[in-house]
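Below are some notes for a colleague on the ligand site and on the salt bridges of this model. Please read them alongside the sequence and the structure.

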Amino acid sequence: MNFSGVKEKTLVLIKPDGVQRGLIGEVLVRFERKGLKVIGVKMMSLDEAVLREHYAHISDKPFFPGVSSFMQSSPVVAVCLEGLDVVAAVRKIVGITKSREADAGTIRGDFAMSVACNVVHASDSVDTAQKEVPRFFKADDLFEYEKGEYEHVYAADERAK
Ligand code: ADP
């Protein structure tokens, strides 16, 4: 997979609270309006093993069992997005972990009050994204296509990156 320039990819998971609260569309529209390219969408149930891998950095924290059972409480929607500096751009749109302190205008700031139930996961670095995208998407689940609006989303020199 090519992760450079406008082909940079990131992983978003719409968490069980987002699915249960009917926020799948609200979340997707924010990324679409920004000009990001959706190259994969997949509903799935997560198990303990994938959550231990995905949340390895918090698996020894006392709140991990609660996070794990919450993440298994209903299906999630995995989304792969592509764009120039998409990892950083998506983290800004998502907002900080503690939703009730997240900036208004961010997904967490607008739709959530909780730390654990914060609607979305988004890869926190390019390195992380390179591990997380293949964790949830097989190569066949991702689509390469031209997006006509790129002519208006990016300047010519940015499109060439
Ligand atoms: P982020 O999702 O913002 O990158 P982290 O990687 O630090 O945040 O944590 C992963 C997820 O674990 C968070 O999105 C949240 O759902 C949960 N979490 C983090 N810290 C806590 C906490 N102190 N209490 C409960 N859940 C937490």
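**Notes on the ligand site and salt bridges**

1. The ligand sits in the largest pocket, a pocket being, on a 1 Å grid over the protein atoms alone, an open set of points with protein on both sides within 12 Å along at least five of seven lines; a molecule sits in one if more than half of its atoms lie within 2 Å of its grid points.

2. This is a predicted model, in which local features need pLDDT of at least 70 and side-chain atom pairs count only at pLDDT 80 or more, while totals for chains, interfaces and linings use all residues. Residues are numbered from 1 along each chain as its sequence is written, and side-chain values use heavy atoms, with hydrogens and water left out.

3. Among the residues that surround the ligand are Tyr55, Ile58, Phe63 and Asn118. Oxygen atoms of the ligand lie 2.7 Å from a side-chain N or O atom of His57, 2.9 Å from one of Lys15 and 3.0 Å from one of Arg91. Of the 530 Å² of accessible area (Shrake-Rupley method, 1.4 Å probe) that the ligand has on its own, the protein covers 77%.

4. The structure holds nine salt bridges, each a side-chain nitrogen of Lys or Arg within 4 Å of a carboxyl oxygen of Asp or Glu. One of them joins Lys9 to Glu82, with the closest N and O atoms 3.0 Å apart. Because Lys9 lies in strand β1 (residues 9-14) and Glu82 in strand β3 (residues 76-82), the pair ties together parts that are 73 residues apart in sequence; strands are DSSP runs (E, at least two residues), numbered from the N terminus.

Note on methods. A residue is near a molecule or strand if one of its heavy atoms lies within 4 Å of it. A polar contact is a pair of N or O atoms within 3.5 Å; within protein, one must be able to donate a hydrogen and the other to accept it, and residues adjacent in sequence count only if both atoms are side-chain atoms. On a 1 Å grid over the protein atoms alone, a cavity is a set of points where a 1.4 Å probe fits but cannot get out, and a pocket is an open set with protein on both sides within 12 Å along at least five of seven lines; lining residues have an atom within 4 Å of a point. Helices (H or I, at least four residues) and strands (E, at least two) are DSSP runs, numbered from the N terminus.
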